[in-house]
Amino acid sequence: MYSFNSTGCLSTLLFLLILYFLVKELWWLFVGIAIIVIVAYYANLLYVQILQNKIDKERNYNPEMGEVFKVCPYCNSKVKVTAITCPHCNRALN
């Protein structure tokens, strides 16, 4: 009528003992991994923000008085002399 499955019970008990050991003895490993994940997340946000600021600075280029610049033949925006592509329309400056 009722059968006792000792293999399932034994594997569950073994799993719970391993989990208890990991939580009790290696808690510092979990905390370290969590800290690394949090630092990586905020470092990525900072990198994206710096990259976006750099792109915005290139797009909003305003030459100073007497500075030589190029004019994009496609969108008529002012770009630096050293620019290879236009930061506004991303076309090659020939």
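Contact here means heavy atoms within 4.5 Å. By this criterion, and leaving aside residues up to four places away in sequence, Cys-86 touches Cys-72, Cys-75, Ser-77, Val-79, Arg-91 and Leu-93. The model is predicted, with local features needing pLDDT of at least 70 and side-chain atom pairs counting only at pLDDT 80 or more, whereas totals for chains, interfaces and linings use all residues. Residues are numbered from 1 along each chain as its sequence is written, and side-chain values use heavy atoms, with hydrogens and water left out.

Cys-86 also belongs to the largest nonpolar core, which has five residues and includes Cys-72, Val-79, Ala-83 and Leu-93. Such a core is a set of buried Ala, Val, Leu, Ile, Met, Phe, Trp, Tyr and Cys residues joined through side-chain atoms within 4.5 Å. Buried means under 20% relative accessible area, exposed over 50%, and partly exposed in between (1.4 Å probe, protein chains only).

Ser-77 sits in the loop between strand 1 (69-71) and strand 2 (78-80), strands being DSSP runs of E with at least two residues, numbered from the N terminus. Ser-77 is buried, at a relative accessible area of 12%. Beyond four places in sequence, its contacts are Lys-70, Val-71, Cys-72, Cys-86 and His-88.

The loop between strand 1 and strand 2 also holds Asn-76, which is exposed at 60% relative accessibility. Most residues other than glycine have a negative phi. Asn-76, however, has a positive phi near 60 degrees. Asn-90 likewise shows a positive phi, of about 55 degrees; Asn-90 lies in the segment after strand 2 and is exposed, with 56% relative accessibility.

Key:
Helix = DSSP H or I, 4+ residues; strand = E, 2+ residues; numbered from the N terminus.
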